[in-house]
Amino acid sequence: MLVHVEPDRCCGSGQCVLAAPEVFDQNEQDGTVVLLLASPPADLVREVADAVAACPGGAIRLEEGVPR
């Protein structure tokens, strides 16, 4: 699984950080999403999927596959 974020679409709600703090953080200056792990381990799939579902700005996207 690969995680992609678009900080320009982020409204800074922090739902991603609440759902998957190992994968996401927030920029201290403007609160936008910061990706910590672009290819998180399999045991975090559910948390990342929850973060995608909870994102009000649609700033997070998942891609199946292995990093290149």
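Me: Hi! What should I know about the model before we start?
Reply: It is predicted, so local features need pLDDT of at least 70 and side-chain atom pairs count only at pLDDT 80 or more, while totals for chains, interfaces and linings use all residues. Numbering starts from 1 along each chain as its sequence is written, and side-chain values use heavy atoms, with hydrogens and water left out.

Me: Thanks! How many cavities of 30 Å³ or more are there?
Reply: There is 1. A cavity here is a set of points on a 1 Å grid over the protein atoms alone where a 1.4 Å probe fits but cannot get out.

Me: And how much space lies in the largest cavity?
Reply: About 80 Å³. That volume is the space filled by probe spheres set on the points, with grid points joined across faces, edges and corners.

Me: Which residues line the largest cavity?
Reply: Among them are Cys 10, Gly 12, Ser 13, Val 33 and Cys 55; a lining residue has an atom within 4 Å of a point. The lining divides into 8 nonpolar, 4 polar and no charged residues. Cys and Pro count as nonpolar in that scheme, and Gly as polar.

Me: Is Val 33 buried or exposed?
Reply: Val 33 counts as buried because its relative accessibility is 5% (buried is under 20% relative accessible area, exposed over 50%, partly exposed in between, with a 1.4 Å probe and protein chains only). Val 33 lies in strand 3, and its C-alpha is 6.7 Å from that of Gly 12, 21 residues apart in sequence.

Me: What about Ser 13, where does it lie?
Reply: Ser 13 is in the loop between strand 1 (2-5) and helix 1 (15-19); helices (H or I, at least four residues) and strands (E, at least two) are DSSP runs. At 37% relative accessibility Ser 13 is partly exposed, and 7.8 Å separates its C-alpha from that of Cys 55, 42 residues away in sequence.

Me: Changing topic: where is Glu 64?
Reply: Glu 64 sits in the segment after strand 4 (60-63). Glu 64 is exposed at 67% relative accessibility, and its C-alpha is 6.2 Å from that of Leu 2, 62 residues apart along the chain.

Key:
1 Å grid on protein atoms, 1.4 Å probe; cavity = no way out; pocket = protein on both sides within 12 Å on 5 of 7 lines; lining within 4 Å.
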